[in-house]
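Here is a friendly briefing to read with the model open beside you.

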Amino acid sequence: MNEYYDALMKLKGADELHALIRKWDALSANIRRLPTDAPILLPDILLYTKPGYGNTTLLSLLADYLESKQNLMSFRGDVKFFEFMLGYKGPYDSFSDLSRLMEEARVAAGFRSDFKGIVRIKIDEWLGHHEEKHFLEFLEYVASNSDNWLLILTLAETPDERSKAMEALISMYLRIETVHLRLPDSGEIMEYIASQLSAYGLTFTPEAAALLRESVKKLRKNKYFDGMHTIRLFCGDIAYHCFTIAREEGEPLTAETLRVFAADGDYISRKITKNNERSPIGFGA
């Protein structure tokens, strides 16, 4: 079984993504039986996603999965993917962001002639402006690179008339699949925490679960919360803590054992303070 496929299928709030991955898996198997060498190019993706889903982690998994399949797309360059935010510029302003995108692609290519891989581009600022000339120039440019790039255009907005109109325009330039992601709810996050900790042979009492649930609520309120990536780090710290203190083997974790991870404790406060003071790097949201 493919470890990256398994990891993608375990993502919470990603039913439509799971359906897409299953299609890609079937495509990979069928390609081997095609009577032609003509390439079948993956469609690009219009991804509706909420801040805090952890899209950088998702991109990394997608890149590793696609590379592991060997026949769905090829990668060339110093990185497998890069992320870009397309800022809005009025019709009479210089469209410097397009030049910046070209430069990012050159940097990603390194010493190679061009970049082949995944390019995630946030286009939220162009909602309601999608028919303006600069956005059309952008679409023409990315369409000219669609053979080399798997484009993932992302919108944080809930689908409405503006996003539907933008989607219709994009589909005139690119073959696209539309995928909606939702943030996992508290119950799904607690299931994930229990699963992660069980790998270390750790379980917890109902009181400890209640403590962790309150801590997760506080982490999620932080504007730099990076979805399940943040939760994975949280689980790693819990496991590390539990194996550095004296406790009976097989004993469930209690609220007292996990008090350092309480919502009002130093651990959570330190993370919130640190995250809210730093400048965002990349596009984890």
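On a 1 Å grid over the protein atoms alone, a cavity is a set of points where a 1.4 Å probe fits but cannot get out, and its lining residues have an atom within 4 Å of a point. By that rule, Leu17, Leu20, Ile45, Leu47, Leu58, Leu62, Ile152 and Val179 line the second largest cavity. This is a predicted model, in which local features need pLDDT of at least 70 and side-chain atom pairs count only at pLDDT 80 or more, while totals for chains, interfaces and linings use all residues. Residues are numbered from 1 along each chain as its sequence is written, and side-chain values use heavy atoms, with hydrogens and water left out.

**The chain as a whole**

- The secondary structure comes to 10 helices and 5 strands; helices (H or I, at least four residues) and strands (E, at least two) are DSSP runs, numbered from the N terminus.
- Along its principal axes, the C-alpha trace spans about 60 × 50 × 40 Å.
- The chain has 285 residues, and 45% of them count as buried (buried is under 20% relative accessible area, exposed is over 50%, and partly exposed is in between, with a 1.4 Å probe and protein chains only).

**Cavities**

- Rolling a probe the size of a water molecule over the atoms shows where empty space is left.
- How many cavities of 30 Å³ or more does a search of the whole structure find? The search finds 2.
- The largest cavity has a volume of about 60 Å³, where a volume is the space filled by probe spheres set on the grid points, and points are joined across faces, edges and corners.
- Around the largest cavity you will find Leu11, Tyr53, Gly54, Thr57, Leu58, Leu61, Asp226, Met228, His229 and Arg232. The elements giving two or more residues to this lining are H3 and helix H9 (227-242).
- By class, the lining of the largest cavity has 5 nonpolar, 3 polar and 2 charged residues (Ala, Val, Leu, Ile, Met, Phe, Trp, Tyr, Cys and Pro count as nonpolar, Asp, Glu, Lys and Arg as charged, and the others, Gly among them, as polar).
- The second largest cavity holds about 40 Å³ of space. Helix H2 (15-31), strand S1 (44-48) and H3 are the elements that give two or more residues to its lining.
- In the lining of the second largest cavity, 8 residues are nonpolar, with no polar and no charged ones.

**Helices that cross**

- Which helix passes H9 in a right-handed crossing? Helix H8 does; a crossing is right-handed if the near helix is turned clockwise from the far one by less than a right angle, and left-handed if anticlockwise.
- The axes of H8 (residues 206-221) and H9 come within 12 Å and cross at roughly 140°. Axes are lines fitted to C-alpha atoms, for helices over the stretch in contact, and angles run from 0 to 180 degrees between N-to-C directions.
- H8 and H9 are therefore oblique to each other (angles under 35 degrees count as roughly parallel, over 145 as roughly antiparallel, 65 to 115 as roughly perpendicular and the rest as oblique).
- Helix H7 (residues 186-198) and H8 have axes that come within 10 Å and cross at roughly 120°. H7 and H8 are therefore oblique, and H7 passes H8 in a right-handed crossing.
- Helix H5 (residues 133-144) packs against helix H6 (residues 161-173) at about 40°, with the axes 9 Å apart. H5 and H6 are oblique too, and their crossing is right-handed.

**Residues to look up**

- Is leucine 61 buried or exposed? Leucine 61 is buried, because its relative accessible area is 17%. Leucine 61 belongs to helix H3 and is among the residues lining the largest cavity.
- Alanine 19 sits in helix H2 and counts as partly exposed at 33% relative accessibility. Alanine 19 and valine 179 are 160 residues apart in sequence and 9.4 Å apart in space, C-alpha to C-alpha; valine 179 is one of the residues lining the second largest cavity.
- Glutamine 70 is in the loop between helix H3 (55-69) and strand S2 (81-85), and is exposed, with a relative accessible area of 70%.
- Most residues other than glycine have a negative phi. Glutamine 70 has a positive phi, near 75°.
- Glutamate 249 lies in the loop between H9 and helix H10 (266-277) and is exposed at 80% relative accessibility. Its C-alpha atom is 9.1 Å from that of leucine 202, 47 residues apart along the chain.

Terms used:
On a 1 Å grid over the protein atoms alone, a cavity is a set of points where a 1.4 Å probe fits but cannot get out, and a pocket is an open set with protein on both sides within 12 Å along at least five of seven lines; lining residues have an atom within 4 Å of a point.
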